[in-house]
Amino acid sequence: MIDTSVNYLGLELKSPFIAASSGYTADLEKIVALARSGAGAIVLKSLFEEQISNEIGFLESVGADSPESLDFLKRYVTDYSVGNYVKLIKDAKKESGIPVIASINCFSLSSWTDFAKEIEKAGADALELNIYSLPMNRESNSTEIESGYWNIVNQVTKELKIPVAVKISDNFTNIGNFVNGLQGHGAKGAVLFNRFFTPDISLKSMKITPANPFSSKTEYLKELRWTAILSSQLRQFDLSASTGVYDPSSGIKLLLAGAKTVQLCSVLYKQGPFVVADFNNELKEFMKSKGFNKVSDFCGMLNYGNIADPASFERVQFLKTAEQYSKEKK
Ligand SMILES: Cc1cc2nc3c(=O)[nH]c(=O)nc-3n(C[C@H](O)[C@H](O)[C@H](O)COP(=O)(O)O)c2cc1C
């Protein structure tokens, strides 16, 4: 009997394939469809403090005429937005029947903890901290920035009982050291890696425009390398791989590299929620063909610590390829 269940952040999931945080997972109908097609869990769209702040700023610019009314406005808009998110958590849990992971992105330390506590009270099974802002101040050094991230993780995990994972960018000088710090400050796992909004330039309008938000099919390779390296080094710490997973085979490769779960986003936008069933079916086929009964039989089997030539994950220069290329030309 093939068993595709996995344990991620202490949660029992029926499948390692989970829906990543995005606008797609802010919609209850889509959440239910994802659960029906076999998603292991749903990561809800992030609750963004910045968005709440922008709304307050707009209302302030058109209305608030005294400090009292501004305070009222701030409280009202914040409570309203957090209230809507709490409702989404409760509805998603009730209607989907699968674990629901909430997600937040804030800029003030008090909001990270305040939002997190509301989310736990609402019944979320886990929390993803979507931490990243583009460093624009050339005076702040990497140590200050990374300690700031660790401090957020420390404060939030001190307040919560539910497990916390941190969704990170790959823009760190030493990812392993940064992830060590996340674990040391109470995180139970990390999501490798987030993919951010990027601006582009339109030559037609000569203006800045948003770039295509979706990843491409080979982008999972960066995640594959770091999942393979970190999963061999970290104990009692779960990795979830995100970015560039368009087909079951790349998802299965990330499991072999050591990911406990694999997050799907662009593929859901492009192919719809029912693609998750294909991922689960192909996973079962793969397990059957290789004689694996459980996902834990092969999770991490090809990570950095388990292969004969770990240097293949360390290699960053194209030396061999260039050598081969010049031999071929002779
Ligand atoms: C339209 C869109 C909205 C997203 N919103 C969020 C978000 O609210 N929070 C978050 O952590 N990631 C967000 N993401 C990032 C995705 O969760 C995911 O990490 C990224 O798209 C890479 O996965 P993919 O290659 O499967 O798309 C968003 C991505 C897209 C395309």
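**View 1. T243 in the loop between β12 and α8 of a predicted model.** T243 is buried because 22 other C-beta atoms lie within 10 Å, where buried stands for 20 or more other C-beta atoms within 10 Å of a residue's own, exposed for 12 or fewer and partly exposed for anything in between, with C-beta atoms placed from the backbone. The phi of T243 is near 115 degrees, a positive value in a residue other than glycine. T243 is found in the loop between β12 and α8; helices (H or I, at least four residues) and strands (E, at least two) are DSSP runs numbered from the N terminus. Residues are numbered from 1 along each chain as its sequence is written. In this predicted model, local features need pLDDT of at least 70 and side-chain atom pairs count only at pLDDT 80 or more, whereas totals for chains, interfaces and linings use all residues.

**View 2. Strand β13 and the strands that pair with it.** Strand β13 covers residues 261-264, and both of its faces are covered, with T261 and Q263 buried on one side and V262 and L264 buried on the other. In a regular strand the side chains alternate between the two faces of the sheet. Strand β3 (residues 17-19) runs parallel to β13 and is joined to it by 3 bridges, pairing being assigned where DSSP finds at least two bridges between two strands. Within this pairing, I18 stands opposite Q263 in β13. Strand β12 (residues 238-242) is likewise parallel to β13 and joined to it by 3 bridges, and the bridge partner of S240 in β13 is T261.

**View 3. The hairpin of β10 and β11.** Strand β10 (residues 199-202) and strand β11 (residues 207-210) pair in the antiparallel sense over 4 bridges, and D200 stands opposite T209 in β11. The hairpin has 4 residues between the strands, and M206 has its place in this loop between β10 and β11. Although M206 is not a glycine, its phi is positive, at about 55 degrees. M206 counts as exposed because it has 7 C-beta neighbours inside 10 Å.

**View 4. The cis peptide bond between L192 and F193.** L192 and F193 are joined by a cis peptide bond, with omega at about -10 degrees. F193 is found in the loop between β9 (189-192) and β10.

**View 5. Y24 and the residues that it touches.** Y24 lies in the loop between β3 and α1 (28-36), and it counts as buried because 20 C-beta neighbours fall inside 10 Å. Leaving out residues up to four places away in sequence, Y24 touches A19, K30, L268 and Y269, a contact being two residues whose C-beta atoms, placed from the backbone, lie within 7 Å. Y24 and L44 are 20 residues apart in sequence, and their C-alpha atoms are 8.4 Å apart in space.

**View 6. L11 in strand β2.** L11 is found in strand β2 (residues 11-13) and is buried, with 20 other C-beta atoms within 10 Å. When residues up to four places away in sequence are not counted, L11 touches A41, P99, D125 and A126. Between the C-alpha atoms of L11 and K188, which are 177 residues apart along the chain, the separation is 11 Å.

**View 7. The shell around the ligand.** Of the 22 residues around the ligand, A20, S46, S215, C265 and S266 come nearest, a residue being near a molecule or strand if its C-beta atom, placed from the backbone, lies within 6 Å of it. By class, the shell holds 7 nonpolar, 12 polar and 3 charged residues; Ala, Val, Leu, Ile, Met, Phe, Trp, Tyr, Cys and Pro count as nonpolar, Asp, Glu, Lys and Arg as charged, and the others, Gly among them, as polar.

View 8. Taken along the principal axes, the C-alpha atoms fill a box of roughly 75 × 50 × 45 Å. Buried residues make up 39% of the 330 residues. Among contacts with a separation of 6 or more, 71% are between residues 24 or more positions apart.
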